Amino acid sequence: MRALFRQVGGGYDFSASLVWPVQPELFTGGLLSIKSLGRAVIAALTALLAVVASLVVAAPAQAAPTVATRVASYAAGPATVTRGKPITIQGQAQRLNGKKWVNTGTVKAVVYFDPDGSKPNAAVRTLNSNTKGFVRTSFTASVSGKWSVRLVSTGTLKMSSSVQRYVRVVAPPRPTSTAPISKWNCPAWAPIKGNRSSMIYHLPGQRYYTRTAPERCFSTEAAARNAGYRKAKV
């Protein structure tokens, strides 16, 4: 086999850069046949690739994390919350040190939420713990579902997840009283008319109900009584 190329003067002669066994029968009238040229090019490229491959050094594999972790004292709540109120997620990231669990220091944590219905469990927030591994964050309640926290793995710490905690979200309670919708009328859901000057309330069907201009409207008699009103006698 010939060298990949040879030096001529101050430069290189690339006409000699192809590698092939020189065979006299490949020459006809001083010209290299197209077929022979193709074989020569393939041989040259093969040799070049072999040289390049020998120079490539494989990167050493990164060692897998070996230290176990956990989310301790995990809580999500309150267990039942009114829509629009806060849901608090909290816990502490810990690592195993011998036979004892100790805090991890600052680590990255991801909060996951698995809502009721067809939507899948998904990451909803990423945050860092404090220097003692404590994680705490809040969300506005909108739909019931299961909450969990996942600790992100590092060079030494393994990934781990908390248990899932279910939080039930309920509709806010309907108000028991309201202002009238007009001079003479209360809304349908709070039809009881309250007169502030006399502190008397009138039920639909009573004698003075239609002639009373309400100053406050109540949904139930109990609500009117709790506000200090008494029922009209007729």
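In the hairpin of β7 and β8, which residue takes a positive phi, and how many residues lie between the strands? Please also describe the strands around this hairpin and the rest of the chain.

A: The model is a predicted one. In the hairpin of β7 and β8, the residue with a positive phi is Gly98, with a value near 70°. Two residues lie between the strands of this hairpin.

Within β8, Val102 is the residue opposite Arg95.

A separate group of strands may be described next. Five strands make up an open sheet of mixed pairing, in the order β15-β18-β16-β17-β19. The edges are taken by β15 and β19 (230-231); each has a single partner strand, so one side of each has no neighbour in the sheet. Inside this order, β16 and β18 (residues 216-218) are antiparallel and share three bridges. One of the residue pairs concerned is Gly194 with Arg216, the latter in β18.

The loop between β15 (177-178) and β16 (192-195) contains Pro187. This proline counts as buried because its relative accessibility is 12%, and the cut-off for buried is under 20%. Beyond its neighbours within four places in sequence, Pro187 has contacts with Thr178, Ala179, Ile181 and Cys217. Cys217 is 30 residues from Pro187 in sequence, yet the C-alpha atoms of the two are 7.7 Å apart.

As for the whole, the protein chain holds two helices and 19 strands. It has 234 residues, 29% of which count as buried. Of the contacts between residues at least 6 apart in sequence, 57% link residues at least 24 apart. The accessible surface of the chain is about 15200 Å², and carbon and sulfur atoms account for 57% of that area.

Technical notes: Residues are numbered from 1 along each chain as its sequence is written. This is a predicted model: local features need pLDDT of at least 70, side-chain atom pairs count only at pLDDT 80 or more; totals for chains, interfaces and linings use all residues. Side-chain values use heavy atoms; hydrogens and water are left out. Helices (H or I, at least four residues) and strands (E, at least two) are DSSP runs, numbered from the N terminus. Buried means under 20% relative accessible area, exposed over 50%, partly exposed in between (1.4 Å probe, protein chains only). Contact means heavy atoms within 4.5 Å. Accessible areas come from the Shrake-Rupley method with a 1.4 Å probe; for residues, only the protein chains shown count as cover. Two strands pair if DSSP finds at least two bridges between them.
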